[in-house]
Amino acid sequence: MKRGSIALFLVFVFRFSGLAFAQSIPEIPFDSTPNFLKLPDGLYMGEAAGVATNSKGHVFVYTRTGSPKVTIGTNRTFARSSARLFEFDQTGKYVREIGQGLYGFVFAHGVRVDRQDNIWVIDEGANMVIKFDPDGRVLMTLGRKPEALVVPARSSGEGEGGRGGRGGPPGAGVPGDNFNRPTDVAWDSAGNIFVADGYGNSRVAKFDKNGKFIKSWGQRGTEPGQFNLPHTIAVDAQNNVYVGDRENKRIQVFDNEGNFKTQIADAGAPYAICITPGPRQFLYTSNSNPSTTLDNGEIYKLTLDGKIVGKFGRAGKLLKEFGTVHAMDCHGENEIYVAETLNWRVQKLTLRPAQSN
Amino acid sequence: MNRALRFGLVAVLVFAAIPLFAQQNVPPRAKAFETAPDLPYDSVTNFLKLPQNLYLGEGIGVARNSKGHVFVFTRSGETRLFEFDQNGNYVREIGQGLYGFEMAHGVRVDSQDNIWAVDEGTNMVIKFSPEGRVLMTMGRREEAVEGVRATAAPGTPPPPAQPYRFNRPTDVTWDPAGSIYISDGYGNSRVAKYDKNGRFIKEVGTRGTQPGQMNTPHSITSDAKGNIYVADRGNRRIQVFDSDLNLIKIYDNVGAPWAVCISPGPHQYLYSSNSNPDNNDSRLMAVSGEVYKMELDGTIVGKFGKPGKQLGEFSTIHAIDCRNENELVVAEITAWRIQKIILKPQHVQTSSKAK
């Protein structure tokens, strides 16, 4: 017993010293553009689940809006759209809606734009990843929306994503593009596709650029290479794969084949990550507040080898505060877009780091 | 179909078929009923003018802004929020297709003319600017993708309240500092206080009948001093708290307060509706349906109204706006309408002060 309590004490000291270290992380000054996105009259943002920019700086937002509709058929239940994809220009002016009434738009989770300006949507309700060309036409689909919705009874507790989840052990998933509540997508320099999958499965699935399944790795758990809610994913210029393993509060780094390389465990629960473009890349990760509190909420800037450079922001409802950052787009090292589920908005952030950074 | 869902649907149908008060005794008249003077009043004919093919559903929430514009939150085909001008002409719809609109419960307008909608279906309180843009959201709609929460069996105690989650909230009010007070509600039995930026400060209330406890806090309002008046409907009383949520007074003589409001100006009045329940039980209609006008200290000024479907009668008042003390606007559930009520000048008002 005594031995155990000493170990506990050591853990506590370690944690506490970690906290002390956290307090010495430099704050990065930043601004948020007031009323950045300008929606037309009568159009409303709901929960902003995904945000991404293209090469022109246009901003794409995938939002949970409207009323999620469940239709009771004679012997089955059908789910219909409550997710919408909006495009804005670089000044925040509304451009258009993409995919209105799309079969695969059920419950928004993410949107990303690839290097050819194709727009990729990840829908957690339809279990699909959908690739649009820059004009908004569907180019490719991954996964398939279930014909009929199995409306599950909510498990005990508060049922915020990832708490126990579903999909059964071990969460490795079916080999292929059969997703179970996927969360995010990223690509390497060859155009290979990496899907974080997700709430139900606990894996990363790799496809070639034509959507042919190559491999997947991971299962539910806490060991290296295991996941408890892979919620966000990014790839660096060396084709390493960074997975935000949200409920394990770590970012796992894999090589292009899914071999575990390292993990970053001192930047909180990664709800959203992104990697900046350019010759010197940085990794941003948001330790977002869960929707039940206004705690945490800070965003960390790290070098790719995991060293924390600085941090900024906190949870709240005002401008420059964050209501559960659910996605981030690193358009530039100092130009970050954040999508917030709690605050139903997207903020454009301009970082003003000291020159010494 | 999923088994749990099927069970849930069956349960909903069964409960819907049971009259709510079937086994409940008919309550007595409100204690103040016999002695409260009748206040003469009229109802304005066809006050709200809806465009062709636009329909009100149940009149759930009603509030006016500083210009006298009328905002109506209604359970229609979908829950919708409409704006009318001071003459009842239709202006526009706000929040069509909003993620936070599922089951209307209340709308209020603050001193800056921001419009606040309370939705008990999504467990959210949403603040709109006067232009109708979302400024702030409170609470969170549960994720549809997480599945269906089974209907709790009757008598099941609710889970503990959480600072930033509501359980079927009902209404909202503010103190002069802009702090936000939310009555919450059917599931929780509390009033939660937030600062003007939406940060949780404190709460009061658990389910029960003791002073400070609540049983369906259904409506909430505040006076110029920042005292908070909670319509504790299930306990048939109004509980008054200071702005630190200390209980200071209880008024238990005006029946079951479905809706409360306080008029502005140097001499404020409290209005409370002892509405006839919305289950169309004629035995209950016989002992309810009147609205009380009171001094803030609880002294009864008078009463008006009775249950019914005619103009000037009330079909379960669910909200009252009293931005003008002699010109009230009421929302009625079962008649699907909004009435503008003109209280006529009273020469007998002073006599009601005799206690």
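A:Asn296 sits in the loop that links strand E21 (282-287) to strand E22 (299-303) of chain A. Keep in mind that this is a predicted model. The phi angle of A:Asn296 is near 60°, a positive value in a residue other than glycine. A:Asn296 counts as partly exposed, because it has 18 C-beta neighbours inside 10 Å.

A:Trp344 also has a positive phi, near 50°, and isn't a glycine either. You'll find A:Trp344 in the loop between strand E27 (335-340) and strand E28 (345-351) of chain A. With 23 C-beta neighbours inside 10 Å, A:Trp344 counts as buried, since the cut-off for that is 20 or more.

| Cis peptide bond | Omega | Loop holding the glycine |
|---|---|---|
| A:Asp197 and A:Gly198 | about -10° | between strand E13 (193-197) and strand E14 (203-207) of chain A |
| B:Asp184 and B:Gly185 | about 0° | between strand E11 (180-184) and strand E12 (190-194) of chain B |

Now for a sheet in chain A. Four strands, in the order E16-E17-E18-E19, make up an open sheet with antiparallel pairing. Strand E16 (230-235) and strand E19 (260-264) of chain A are the edge strands; each has a single partner strand, so one side of each is left without a neighbour in the sheet. On average, neighbouring strands of this sheet are turned by 20° against each other, ignoring direction.

If you want a spot to look at, A:Ile233 has A:Val243 in E17(A) as its bridge partner.

Notes:
Residues are numbered from 1 along each chain as its sequence is written. Chains are lettered from A and ligands numbered from 1 in the order in which they are written. This is a predicted model: local features need pLDDT of at least 70, side-chain atom pairs count only at pLDDT 80 or more; totals for chains, interfaces and linings use all residues. Two strands pair if DSSP finds at least two bridges between them. Helices (H or I, at least four residues) and strands (E, at least two) are DSSP runs, numbered from the N terminus. Axes are lines fitted to C-alpha atoms, for helices over the stretch in contact, and angles run from 0 to 180 degrees between N-to-C directions. A residue is buried if 20 or more other C-beta atoms lie within 10 Å of its own, exposed if 12 or fewer, and partly exposed in between; C-beta atoms are placed from the backbone.
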